[in-house]
Amino acid sequence: SMEEQRRKITQLNDFNYIKEHTTEFWAKNFLKDLKMMQIQTAKSNYQRIGLKVRLVKMNENSHPLIHSKIEYSYATSKNKRLIILDNEGTLLPTNQYKHNVYLSNQDGPSQEVLDILEDLSKDKNNIIFIISGRGTKEMHRWFSSVKNIGIAAENGSFYRWNSNKKGEQEWKNLVKQKNVLMWKGTAKEVIQEYNKRTDGSIMV
């Protein structure tokens with residue numbers, strides 16, 4: 001069964017850890033991690049973001065954004081402005097998105113949101129990009145009417161710029177680019193190292 005298979009994997013992982021490391025090694029690394037967490041916690045504050053359900057550790061110098069300062073910076077800016085917006089939980093109304101689950105697969109941004117994006121895109125100093133975990137078809141259906149903005153589907157795996165000449169088939173696929181996949185080897189090595197140091201952890 002799956003439970004038995006998981007138990008065997010856990011036992012093998014624990015056995016390999018004991019075989020490769022001494023008790024002294026484990027104790028030193030455990031205390032080192034505890035001290036590091038204490039230092040990091042002392043220098044950090046925590047803020048709830050998105051729909052106020054996600055608690056994120058912030059640097060001690062980080063503070064919630066003040067709307068008046070944002071408006072002033074926007075109005076007085078003489079350079080290009082990069083505006084990156086998350087669709088889920090930001091552009092999408094909170095009553096349509098709860099606990100990372102869509103209440104309706106058909107519901108997209110409201111017309112008011114689309115009108116605001118349209119107005120922002122008319123300013124040549126604004127570079128607007130919308131990121132979503134949804135697929136290319138939904139992103140095309142929801143945002144194709146707003147020109148001169150960038151949209152990314154599947155959390156950035158596909159992206160494109162909206163214009164009068166571009167259609168749904170012209171998405172650029174980042175997943176197939178070799179330079180994007182090169183990080184996997186490095187990430188795997190880092191995860192394996194922490195896997196060895198963390199008793200009871202499993203890498204699948």
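What is the order of the five strands in the open sheet? The order is 3-6-7-8-9, and the pairing is mixed. Before going further: this is a predicted model, where local features need pLDDT of at least 70, side-chain atom pairs count only at pLDDT 80 or more, and totals for chains, interfaces and linings use all residues. Residues are numbered from 1 along each chain as its sequence is written, and side-chain values use heavy atoms, with hydrogens and water left out.

On terms, strands (E, at least two residues) and helices (H or I, at least four) are DSSP runs numbered from the N terminus, and two strands pair if DSSP finds at least two bridges between them.

Strand 3 (81-86) and strand 9 (172-173) are the edges; each has a single partner strand, so one side of each lacks a neighbour in the sheet. Strand 3 runs parallel to strand 6 (residues 126-131), joined by six bridges. Within that pair, Leu 82 has Ile 127 as its bridge partner in strand 6.

Now the core, meaning buried Ala, Val, Leu, Ile, Met, Phe, Trp, Tyr and Cys residues joined through side-chain atoms within 4.5 Å. Buried is under 20% relative accessible area, with a 1.4 Å probe and protein chains only. The largest nonpolar core has 17 residues, and Leu 91, Leu 117, Ile 130, Met 139, Phe 143 and Ile 151 touch the most other members. Strand 3, helix 5 (111-121), strand 6, helix 6 and strand 7 each give two or more residues to this core.

Leaving aside neighbours within four places in sequence, Leu 91 has contacts (heavy atoms within 4.5 Å) that include Leu 85, Val 113 and Phe 143.

Key
Buried < 20%, exposed > 50% of the residue type's maximum accessible area, 1.4 Å probe, protein only.
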